[in-house]
Amino acid sequence: MEAKKIMQVSEHIWIVPPQWKYVEPTIGFIISNEGVVVIDTGNSPEHGRRALAALRTVTDQPIKYVINTHRHWDHTFGNQIFAAPIIAHTYCKDKMISNMKDDWADDQVYTWVTGFVLQHVKTLGVERFEGVRVVLPQISFSGTMRLDIGKIPLDLYYAGSGHTRDSIVVHLPSESALFLSDCVYPNPEGKIHKLAMLFPKLSQLSADTYIPGHELPYGKEKWALRADYYRELIESVKRLRRQHAAREKILEYPLDRRFKSVSGLNEKSHREMISRVLGEIRKK
Ligand SMILES: [Zn+2]
């Protein structure tokens, strides 16, 4: 069955749904009567082009702004397709600038794609990346930023460094929705305890719909489940350490059954989380 090309999430929010098989993240569109804001641009020029074509089946409104939630290639390598100013966190822009001095330079990025991306993601064909070049954000911010499009407010918040140091989330209070992108996913660059600390913070933002980077949108229940997992993980590891439990014993601390439905969580990844939390505690 062919995946949906575009789907409506709330009155003004549409998305091109993610496909993990091809490491295609969610591409978001805020559609107003004064233009469109794009949230993330896809993993390649081809992905961006396909998303833009899907957008054009539902609106003719011009694209006013593009937001990069963080610098990862699967979220930014479609930037060149969208002719509008790109907004990102200062850390995101800085890191992209430094990447463009070598791997992501105009004359090297294609080689980087074939040598790195295509080696890790075997389902992706090289033709997706024809003519790829990295386009930098023109507008950057630190802390928070408010953006208005056709009376719809978008609040951009820095999301700490659980996933990457440069991640942001986008909150739409009038749509009761929160674009999480990848900030709720562990990543070697991030820290697990920082990830855990982010959940209570983001829970303060009013939202009925959570829109993650690599899963379909979900509601409060699924959000709370992921939040509970990280809270209990940190609490349990700390408690066992206080009880002077041996490292092997702590690593055996079981994954509660109710968390097995959380995307990306299984016995193996749970062990890795415990091990990383232990490592982070030791470094303090
Ligand atoms: Zn990412």
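## Meeting Pro18

Pro18 touches Glu24, Pro25, Thr26, Gly213, His214 and Glu215, leaving out residues up to four places away in sequence; touching, or being in contact, means that the C-beta atoms of two residues, placed from the backbone, lie within 7 Å. This is a predicted model, where local features need pLDDT of at least 70, side-chain atom pairs count only at pLDDT 80 or more, and totals for chains, interfaces and linings use all residues. Residues are numbered from 1 along each chain as its sequence is written.

Where does Pro18 sit? Its place is in the loop between strand 2 and strand 3. Helices (H or I, at least four residues) and strands (E, at least two) are DSSP runs, numbered from the N terminus. Is Pro18 buried or exposed? Pro18 counts as buried because it has 21 C-beta neighbours inside 10 Å. A residue is buried if 20 or more other C-beta atoms lie within 10 Å of its own, exposed if 12 or fewer, and partly exposed in between. From Pro18 to His89 there are 71 residues in sequence and 23 Å in space, C-alpha to C-alpha.

Seven of them make an open sheet in the order 1-2-3-4-5-6-7, with mixed pairing; two strands pair if DSSP finds at least two bridges between them. Strand 1 and strand 7 (139–141) are at the edges with a single partner strand each, so one side of each has no neighbour in the sheet.

Strand 1 (residues 7–8) pairs with strand 2 in the antiparallel sense over two bridges, and these strands form a hairpin with four residues between them. Strand 2 and strand 3 also run antiparallel, joined by four bridges. You can follow Trp14 across the pairs: this residue of strand 2 stands opposite Gln8, and its bridge partner in strand 3 is Phe29.

## A covered helix

How many of the 11 residues of helix 1 (residues 45–55) are buried? Eight are, so the helix is mostly covered, by the cut-off of 20 or more C-beta atoms. They are Pro45, Glu46, His47, Gly48, Arg50, Ala51, Leu52 and Leu55. Strand 2 (13–16), strand 3 (27–32) and strand 4 (35–39) are among the elements that cover them.

The protein chain is divided into domain 1 (7–218) and domain 2 (228–283), with bounds from an automatic or database domain assignment. Their C-alpha centres lie 30 Å apart. Nine residues of domain 1 are in contact with 10 residues of domain 2. On the domain 1 side, six of the touching residues are nonpolar, one is polar and two are charged. Here Ala, Val, Leu, Ile, Met, Phe, Trp, Tyr, Cys and Pro count as nonpolar, Asp, Glu, Lys and Arg as charged, and the others, Gly among them, as polar.

The largest nonpolar core has 66 residues, and Ile30, Val37, Val38, Ile67, Val169, Val170 and Leu178 touch the most other members. Beyond its neighbours within four places in sequence, Ile67 is in contact with Val37, Val38, Ile39, Ile87, Leu156 and Val170.

Key:
A nonpolar core is a set of buried Ala, Val, Leu, Ile, Met, Phe, Trp, Tyr and Cys residues joined through C-beta atoms within 7 Å.
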